[in-house]
Amino acid sequence: MKQQKESSGVSIANIITIIGLIAFGIVTYLGQLYLNDGDITSSLLWAIGFAVIAGALSFGAAALKGKKIDAKLMIIIQIVLLIIYVGFAFLSSRATLKFFDVQGDKATLAAVASEDIAKIDSLFAYYELAETKFLNNTQTSFDNALAHREGCDDNVNNLLNTLLVTNKEQADQFMATTKSRILGNTYLSAKDSVQTKYITPCKTAIRTWDVLKVPLIPGDLNRACRGAKATIDLYTTQAQLPVFETVTQTFEDPKTKAHTTKVVTTLKVNTQTFNQEAPQLRFGSMVKQAPKVTVLGVIVLVVLHLMILFTYLTASSNGISYGGSSKNRSNDGGISL
């Protein structure tokens, strides 16, 4: 008699369940990335934990299905496990639904991310515009004060002496040095560093909508915003941009009642300071909010959980395979490998 080939103990049903667990873990991981600001370690732990729980419940229920010892108790335990599984499937669905929600809402989310980038870029633009205006104000103030030095009050004279600005050449040198310090190459390099390190990757992720890169956008946007604000605050504190108020005043001689005019210069402000609050970014909060239930997301969830439960669903309820010799089929109804 021809000897029957021994079963390896692994069936097609087992393989389908394992594939379902792997796919469930991957989709959960991708969804958790959106919920965890791209934190790979945390997302991976959530995905592995969910897959292990799903596998334990599925294989545990399947193992009890054909038990002959206290059949009623086994059935009760199976029902309890399945109820727990349904609850688990519902509670763990957020990450999967979030993944398909983000993929399906690409146009809206991409637009919001682009708006956030524009807000960060505007921080630099507003700073540069404000400081340019301040520089022009100070240049005009120096010109007026130096042209009418005899009319400068003590505060103006003291500040001009402190800044070593007593003539046109010194004023021009002070303005050139100050402009270089607050808007020059060092500032531009710091600005470029923020844009290259954070903004450029965000723009690339938005354009390609890479499932592994899009979850990193909220973190990069937040870091870009903090970097932009810190850069601007640093260079603002390095600016010494006074403004003088030069006006023509009329004086009356108490004795002769004659009127004379004199150009008088007073210190209006000692330093013009740019202060711009960091903008409120929307992309991160939109990505992390409760997911919208999409048809595709629900279908994928149902298919994945049916695959995970496939070993249980195809397992024999009486401990005997569904057909053929029990020597070449496993007790879960699938052909052994």
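Five aromatic residues, Phe 24, Trp 46, Phe 50, Tyr 85 and Phe 88, are joined by ring pairs into a cluster. Here, rings of Phe, Tyr and Trp (for Trp, the six-membered ring) pair if their centres lie within 6.5 Å, and a pair is stacked if the planes are under 30 degrees apart, edge-to-face if over 60, and tilted for the rest. The model is predicted, so local features were taken at pLDDT of at least 70 and side-chain atom pairs at pLDDT 80 or more, while totals for chains, interfaces and linings use all residues. Residues are numbered from 1 along each chain as its sequence is written, and side-chain values use heavy atoms, with hydrogens and water left out.

In total, the structure holds ten aromatic pairs. One of these is formed by Tyr 127 and Tyr 187, a tilted pair with 5.2 Å from centre to centre and 50° between the planes. Tyr 127 belongs to helix α5 (residues 106-147) and Tyr 187 to helix α8, so this pair ties together parts that are 60 residues apart in sequence. Helices (H or I, at least four residues) and strands (E, at least two) are DSSP runs, numbered from the N terminus. Tyr 127 and Tyr 187 are both buried; buried means under 20% relative accessible area, exposed means over 50%, and partly exposed lies in between (1.4 Å probe, protein chains only).

Phe 142 and Phe 244 have their ring centres 6.0 Å apart, with 55° between the planes. As Phe 142 sits in helix α5 and Phe 244 in strand β1, the pair ties together parts that are 102 residues apart in sequence. Phe 142 is buried, with a relative accessible area of 0%, and Phe 244 counts as buried at 5%.

Turning to the cysteines, Cys 152 is buried at 9% relative accessibility, and Cys 225 is buried at 7%. The structure holds zero disulfides, a disulfide being a pair of cysteine sulfur atoms within 2.5 Å.

How confident is the prediction, and where is confidence lowest and highest? The pLDDT, which is the predictor's confidence in each residue from 0 to 100, averages 85 over the protein chain, and 86% of the residues score at least 70. Strand β1 (residues 243-252) has the lowest mean, 76, and helix α8 (residues 185-208) the highest, 95. Over residues 1-8, pLDDT stays under 50, and the model has seven contacts (heavy atoms within 4.5 Å) beyond four places in sequence for this stretch. Residues 333-337 are also below 50, with 22 contacts beyond near neighbours in sequence. Where pLDDT is low, the predicted coordinates should not be read in detail.
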